[in-house]
Amino acid sequence: MNYFIEALYQLGRSQDADRLLFPLLCAFEDGQFQRRGPDGRTFDWRRWDGTPKGYEGLLADNYLALIAVLSRK
């Protein structure tokens, strides 16, 4: 996701990038990636409807989404 957000910033499409970045940052702040759904799958991967599709624990490359913050001007 960070590559997509960074590309939007580089193309001058800041509003589009912010529409993706800010909800993502709020989800990190709210701890929405650190819990498990009713089926025991983690929220580090999700379907478009929000259903958890994770595996055994917090995905280590989730930090990559935070790197997109550095591209924001």
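**Contacts along the chain.** I began with contacts, meaning heavy atoms within 4.5 Å. Among those in the chain between residues at least 6 apart in sequence, 31% join residues at least 24 apart. I noted that this is a predicted model, where local features need pLDDT of at least 70, side-chain atom pairs count only at pLDDT 80 or more, and totals for chains, interfaces and linings use all residues. Residues are numbered from 1 along each chain as its sequence is written, and side-chain values use heavy atoms, with hydrogens and water left out.

**Elements.** I looked up the secondary structure next, where helices (H or I, at least four residues) and strands (E, at least two) are DSSP runs numbered from the N terminus. I found three helices and zero strands, and from the N terminus on the order is α-α-α.

**Surface.** I read an accessible surface of about 5300 Å² for the chain, with 57% of it on carbon and sulfur atoms. Such areas come from the Shrake-Rupley method with a 1.4 Å probe; for residues, only the protein chains shown count as cover. I then sorted residues into buried (under 20% relative accessible area), exposed (over 50%) and partly exposed (in between), with a 1.4 Å probe and protein chains only. Of the 73 residues, 32% count as buried.

**Helix 1.** Which residues of helix 1 are buried? I listed Asn2, Ile5, Glu6, Leu8 and Tyr9. Helix 2 and helix 3 are among what covers the buried residues of helix 1. After helix 1 comes Gly12, with a positive phi near 80 degrees.

**Helix 2.** I followed helix 2 over residues 14-29: it has 16 residues and reaches 21 Å from first C-alpha to last. That is close to the expected 22 Å, which is 1.5 Å times one less than the number of residues. Buried here are Ala17, Asp18, Leu21, Leu24 and Ala27. The buried residues of helix 2 pack against helix 1 (2-10) and helix 3. Gly31 follows helix 2, and its phi is positive too, near 75 degrees.

**Ile67.** I ended in helix 3 (residues 63-67), where Ile67 lies. Is Ile67 buried or partly exposed? Ile67 is partly exposed, at a relative accessible area of 30%. Leaving out residues up to four places away in sequence, I saw Ile67 touch Asn2 and Glu6. Asn2 is 65 residues from Ile67 along the chain, yet their C-alpha atoms are separated by 6.6 Å.
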